[in-house]
Amino acid sequence: MSSQIPHPPLLTASEPPDSIGQRFKQPPFRWLLGLGLLGLLLVAIPVLKAKTAASSEAQEVQTATPLPVDTLDVSEVDAYEVSRAYTGKIAALQASELGFERSGQLTEIRVPEGGTVQAGTPLARLDIRNLQTQRSQIEAEKARALAELSELETGARTEDIAAATAAVQDLEQQIALQRVQLARRKTLYEQGAISQEALDEFSFGEGSLQARLNQSRSQLQELQNGTRPEKLTAQAALIQQLDARIAEVDVTIEKSTLIAPFSGTVAAHKVDTGTVVGAGQSVIRLVESNLPEARIGLPTETVSKLNIGEERTVELNGETFTATLTSILPEVEAQTRTQTVVFALEPRAAGKVSPGQTVRLTLANRIARKGIWLPTEALTQGIRGLWTCYVVVPEGDAGQRNDADQRNQAEERNQTEQRFVVRPQSVEVIHQEGDRALVTGTLQPGDTIVSSGSHRLVPGQWVSPVASSGDAFVSE
């Protein structure tokens with residue numbers, strides 16, 4: 001039997017010559033239809049295979065042995081707490097840069113760095129040799145002033161009074177002799193034996209002796225009357241002035257020794273022995289060794305919820321200590337917009353902490369929002385930022401076993417046996433804390449959820465619930 005290949009009809013006399021090419025360029029309609037059917041067949045085959053596989057998988061799930069799963073009954077909470085940690089530092093109650101009030105050469109530093117001292121302990125000294133010499137000089141001046149005061153208070157000696165008395169008597173005798181000689185000279189003058197000049201010398205000589213006599217009598221009277229009170233007062237004032245100068249030198253000598261104003265630990269030596277230091281220059285840094293305090297910056301809204309005297313727990317070097325809120329500084333830090341709160345640490349921390357160390361305070365902030373706590377193991381990643389958990393429900397409530405074959409299989413089983421399947425629920429995580437998460441969504445209080453192993457489940461899977469310890473997963 002010979003096969004014949006159809007050929008296109010030949011050109012007839014009625015067809016124009018240029019239509020031959022168009023007939024061969026345009027494929028017949030039946031060819032296009034065949035190609036379309038072939039394409040639809042290629043697309044339909046994978047879809048049919050997928051539906052068949054899904055149907056087989058669902059059938060396998062429904063007929064498989066129930067999978068034991070841990071379950072929890074969940075309940076709703078009205079609020080949750082968010083713990084936030086704030087850092088601060090340990091500060092000494094007092095920390096001073098100690099220096100001398102005067103300049104001088106540093107001759108001694110008595111306490112090494114790290115040494116512990118009590119209040120009033122000498123820490124360092126300046127050279128005081130020039131001050132000691134100055135004090136000795138003033139003491140000598142005072143001794144002389146005291147001797148003069150004692151002499152003034154005692155009055156003139158008997159010998160001085162006797163000498164003054166003898167001087168007065170001597171002048172009185174000289175005046176008497178002068179008067180006798182003057183009378184004789186007058187007689188000689190009248191007789192023309194002497195000149196007027198010789199007579200005048202004797203006349204004026206008597207006046208000079210009389211003046212000297214009056215002076216001697218005044219001195220004698222002064223010695224007999226004693227020292228005047230005004231002179232005694234002036235001498236006593238001079239002694240007081242010398243005492244004040246000595247006291248001033250003593251104060252300067254005292255200030256040449258640097259004394260610890262409080263009990264503490266020598267943190268640092270700022271200069272070495274032999275250095276000439278100026279007044280007020282820092283020589284030693286002293287840090288108080290009493291109970292330190294923790295200074296922590298907190299947001300103003302958090303500070304407003306704290307009360308003076310309440311106790312909190314702080315962490316330092318991996319160890320926790322009880323701290324009492326003692327004060328809240330009024331100023332707000334310009335850069336951090338925080339307020340500094342001061343906590344007094346318990347006595348146990350005295351030997352375990354040092355100023356400058358970092359301390360951490362954890363505070364819980366309660367946020368009013370309803371939600372349900374779930375273990376993080378109960379969640380699987382969903383779509384569009386949501387998460388999925390599985391709720392365990394009786395088989396009749398699953399909404400997935402409605403076909404006739406499945407109903408027949410259910411009737412063949414023991415009617416008294418309760419069967420459970422899992423149903424996915426989409427939830428949104430609003431807060432996570434450790435191994436649990438607070439969620440909202442289609443999940444309802446009282447639902448029984450699969451607490452772990454959700455990655456092994458598929459919707460509608462037959463499961464055997466096993467209650468976990470702590471049936472209700474709730475946190476206040």
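Trainee: What should I keep in mind about the source of the values?

Mentor: This is a predicted model, in which local features need pLDDT of at least 70 and side-chain atom pairs count only at pLDDT 80 or more, whereas totals for chains, interfaces and linings use all residues. Residues are numbered from 1 along each chain as its sequence is written, and side-chain values use heavy atoms, with hydrogens and water left out.

Trainee: How many helices and strands does the chain have?

Mentor: Helices (H or I, at least four residues) and strands (E, at least two) are DSSP runs, numbered from the N terminus. The chain has 8 helices and 21 strands.

Trainee: What share of the residues count as buried?

Mentor: Buried means under 20% relative accessible area, exposed means over 50%, and partly exposed lies in between (1.4 Å probe, protein chains only). Of the 476 residues in this chain, 29% count as buried. For the surface as a whole, accessible areas come from the Shrake-Rupley method with a 1.4 Å probe, and for residues only the protein chains shown count as cover. The chain exposes about 30000 Å², and carbon and sulfur atoms supply 51% of that area.

Trainee: What do the contacts say about sequence separation?

Mentor: A contact means heavy atoms within 4.5 Å. Among contacts in the chain with a separation of 6 or more, 78% are between residues 24 or more positions apart.

Trainee: Which strands pair with β15?

Mentor: Two strands pair if DSSP finds at least two bridges between them. Strand β15 (residues 358-375) pairs with strand β2 (residues 76-91) in the antiparallel sense, over 13 bridges. Strand β12 (residues 311-316) is also antiparallel to β15, with 2 bridges, and strand β19 (residues 436-441) pairs with β15 in the antiparallel sense over 4 bridges.

Trainee: Which residues of β15 stand opposite which partners?

Mentor: L361 in β15 is the bridge partner of Y86, and L361 also stands opposite V314. Further along, I372 stands opposite V439 in β19.

Trainee: What is the strand order in the open sheet of 4 strands?

Mentor: The order is β7-β6-β4-β9, with antiparallel pairing. Its edge strands are β7 (257-259) and β9 (276-277), each of which pairs on one side only. Strand β4 (residues 104-109) runs antiparallel to β9 and is joined to it by 2 bridges; Q105 has V276 in β9 as its bridge partner.

Trainee: How many salt bridges does a search of the whole structure find?

Mentor: A salt bridge is a side-chain nitrogen of Lys or Arg within 4 Å of a carboxyl oxygen of Asp or Glu. The search finds 15. Among them, R110 and E108 meet at 3.7 Å, N to O; R110 is partly exposed at 43% relative accessible area, and E108 is partly exposed at 33%.

Trainee: Are E293 and R295 buried or partly exposed?

Mentor: E293 is buried, with a relative accessible area of 10%, whereas R295 is partly exposed at 32%. The two form a salt bridge, with the closest N and O atoms 2.9 Å apart.

Trainee: What does the salt bridge between E395 and R419 tie together?

Mentor: The side chains of E395 and R419 meet at 3.5 Å, N to O. E395 lies in the loop between β17 (387-394) and α8 (404-412), and R419 in the loop between α8 and β18 (420-433), so the pair ties together parts that are 24 residues apart in sequence. Both residues are buried. Elsewhere, E97, K270 and R285 are linked in a network of salt bridges.

Trainee: What does H431 touch?

Mentor: H431 lies in strand β18 and is buried, at 15% relative accessibility. Not counting residues up to four places away in sequence, H431 touches Y80, E81, V82, W373, A437 and L438.

Trainee: How does the span of helix α6 relate to the expected value?

Mentor: The expected span of a helix is 1.5 Å times one less than its number of residues. Helix α6 (residues 229-254) has 26 residues and reaches 37 Å from its first C-alpha to its last, close to the 38 Å expected.

Trainee: Which residues of α6 are buried, and what do they pack against?

Mentor: The buried residues of α6 are Q235, I239, L242, I246, V249 and I253. They pack against α3 (129-154) and β7.
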